[in-house]
Amino acid sequence: QQAEQRMQALGDERSALEQRLSTPLPPADIAEAGRRLKAVGDELDALEDEWLRLSGEIEAIEQATAPA
C-alpha cells in the first residue's frame, strides 16, 4: 500500500510538473522542472516494476496454496 501511495503522489507531481512546463518559464526554471520530471519518472518506473514483481509473487503464492 505504501508503494501505491507513493506512485499516486509521484503521478500527481509529474502532472503538476508537466503543467508547469506548458507555461512560459525562465530557462533555469525549465531546466529544474525538467530534471525533477526525469527523476520523478525514473522513480515511478522503478516503483511500478517493483509493484508488478510483488503482484506476480503474491499471485504465484495464492495459486500454490489454492485448494485443488
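1. Helices (H or I, at least four residues) and strands (E, at least two) are DSSP runs, numbered from the N terminus.

2. The model is predicted: local features need pLDDT of at least 70, side-chain atom pairs count only at pLDDT 80 or more, and totals for chains, interfaces and linings use all residues. Residues are numbered from 1 along each chain as its sequence is written, and side-chain values use heavy atoms, with hydrogens and water left out.

3. The protein has two helices and zero strands. Its radius of gyration is 18 Å, well over the 11 Å that the globule rule gives for 68 residues, so the protein is more spread out than a compact globule. The radius is taken over C-alpha atoms, and the rule is 2.2 Å times the number of residues to the power 0.38. Along the principal axes, the C-alpha atoms fill a box of roughly 65 × 15 × 15 Å.

4. Of the 68 residues in the protein, 15% are buried. The accessible surface comes to about 5200 Å², and carbon and sulfur atoms account for 56% of that surface. Accessible areas come from the Shrake-Rupley method with a 1.4 Å probe; for residues, only the protein chains shown count as cover.

5. Helix α1 covers residues 2-21, which makes 20 residues, and reaches 28 Å from its first C-alpha to its last, close to the 28 Å expected at 1.5 Å a residue. The expected span is 1.5 Å times one less than the number of residues. Met 7, Leu 10, Gly 11 and Leu 17 are the buried residues of α1. Viewed down the axis of α1, these buried residues fall within an arc of 130 degrees, so they line one face of the helix. The arc is that of the directions from the helix axis to the C-beta atoms.

6. Helix α2 has 39 residues and reaches 57 Å from its first C-alpha to its last, close to the 57 Å expected at 1.5 Å a residue. Its buried residues are Ala 33, Val 40, Gly 41, Leu 44 and Leu 47. The cover over the buried residues of α2 includes α1, and the buried residues of α1 in turn pack against α2 (27-65).

7. The largest nonpolar core has seven residues: Met 7, Leu 10, Leu 17, Ala 33, Val 40, Leu 44 and Leu 47. Both α1 and α2 give two or more residues to this core, and α2 gives the most, with four. A nonpolar core is a set of buried Ala, Val, Leu, Ile, Met, Phe, Trp, Tyr and Cys residues joined through side-chain atoms within 4.5 Å.

8. Leaving aside neighbours within four places in sequence, Leu 10 is in contact (heavy atoms within 4.5 Å) with Val 40, Glu 43, Leu 44 and Leu 47. With residues up to four places away likewise not counted, Leu 17 touches Ala 33, Arg 36, Leu 37 and Val 40. Leu 17 counts as buried because its relative accessibility is 9%. Leu 17 and Ile 30 are 13 residues apart in sequence and 9.8 Å apart in space, C-alpha to C-alpha.

9. Ala 28 belongs to helix α2 and counts as exposed, at 54% relative accessibility. Ala 28 and Arg 53 are 25 residues apart in sequence and 38 Å apart in space, C-alpha to C-alpha.

10. Gln 1 lies in the segment before α1 and is exposed, with a relative accessible area of 72%. Between Gln 1 and Gln 19 there are 27 Å in space, C-alpha to C-alpha, and the two are 18 residues apart in sequence.

Definitions and conventions: Buried < 20%, exposed > 50% of the residue type's maximum accessible area, 1.4 Å probe, protein only.
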